[in-house]
Amino acid sequence: MADPNTTNNFLIHIGDGGDPTELFSWLCGAKARSVTLTNNTGEVETLDCTDPTGEVAAINRFMTSQDTSMSISGQIDKNALPTLRAWADDGNAKNVRIVFDESAANNGGYWQLPALLTSLEIAQESAKDLTTFTAEISGAGRRAWTDAT
C-alpha cells in the first residue's frame, strides 16, 4: 500500500488592490483556515413520454451557480490589523487567493476570486490573553484556478 501524498501548505492570501501589480499575502497570526466550494443546483422532473400521467421518469439536476466561502482565525498581529479593519470598514471586495503552495508536479496552484469580508470577530478572554480574530469571507464573483508554475 502506498502512503498518501498529503499537504499542509494550504493558505488564504488577501490582495492589496495594487494596480498594475497586485500583491497577495498571508495574514500573519492566522492559524486556522477553511474553504467551502459550493455548487448550487436546480432540478426538473422529466415525465415519461409514453406514459406522461404515470410515474416521473427522472429528476434531472443541473448546476445553477457556484459559491465560495472562507474562514480565517488566529491571533491578531498588529501589522495585519489595519488590513482587517479597513476591509471591515469599507465593505469593498478584495481579491483573494486560495493557495495550495505546492509545485506543479504536486498539483499546486490557486483559485482567485473577488470576495467580501462578511464578518470580523475580535475577542480576548482576559487581560493577559492574546487578542484573537475570526474573519468570515464570502465570494463576490467567479473563482478561477491557476496551476502552479
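Visitor: What is the volume of the largest pocket?
Guide: This is a predicted model, with local features needing pLDDT of at least 70 and side-chain atom pairs counted only at pLDDT 80 or more, while totals for chains, interfaces and linings use all residues. Residues are numbered from 1 along each chain as its sequence is written, and side-chain values use heavy atoms, leaving out hydrogens and water. A pocket is an open set of points on a 1 Å grid over the protein atoms alone, where a 1.4 Å probe fits and protein lies on both sides within 12 Å along at least five of seven lines. Filling the joined points with probe spheres gives a volume, and for the largest pocket this is about 170 Å³.

Visitor: Which residues lining the largest pocket are the closest to its centre?
Guide: Lining residues have an atom within 4 Å of a pocket point. There are 14 of them here, and the closest to the centre are I14, S25, W26, L27 and T83.

Visitor: Which element gives the most to the lining of the largest pocket?
Guide: Helices (H or I, at least four residues) and strands (E, at least two) are DSSP runs, numbered from the N terminus. Both β1 and β2 (24-26) supply at least two lining residues. With three residues, the element that gives the most is β2.

Visitor: Which residues have the most contacts inside the largest nonpolar core?
Guide: Such a core is a set of buried Ala, Val, Leu, Ile, Met, Phe, Trp, Tyr and Cys residues joined through side-chain atoms within 4.5 Å. Here the largest one holds 18 residues, and those with the most contacts inside are I14, L27, M70, I72, V96 and I137.

Visitor: Which elements each supply at least two residues of this core?
Guide: In general, nonpolar side chains tend to be buried together in soluble globular proteins. In this core, the elements that do so are β1 (10-15), β4 (56-75), α1 (81-90), β5 (94-100), β6 (109-123) and β7 (132-139).

Visitor: How many aromatic pairs are there?
Guide: Rings of Phe, Tyr and Trp (its six-membered ring) pair if their centres lie within 6.5 Å. By this rule, the count is four.

Visitor: Is the pair of F100 and W145 stacked, edge-to-face or tilted?
Guide: Planes under 30 degrees apart count as stacked, over 60 as edge-to-face and the rest as tilted. F100 lies in β5 and W145 in β8 (residues 144-147), so the pair ties together parts 45 residues apart in sequence. The ring centres are 6.5 Å apart and the planes stand at 45°, so the pair is tilted.

Visitor: Does R142 count as buried or exposed?
Guide: R142 is placed in the loop between β7 and β8. Leaving aside neighbours within four places in sequence, R142 is in contact (heavy atoms within 4.5 Å) with Q112, L113 and P114. Buried means under 20% relative accessible area, exposed over 50% and partly exposed in between, using a 1.4 Å probe and protein chains only. The relative accessible area of R142 is 71%, so this residue is exposed.

Visitor: How far apart in space are E125 and T50?
Guide: E125 belongs to the loop between β6 and β7, and with a relative accessible area of 75% this residue is exposed. E125 and T50 are 75 residues apart in sequence, and C-alpha to C-alpha they are separated in space by 68 Å.
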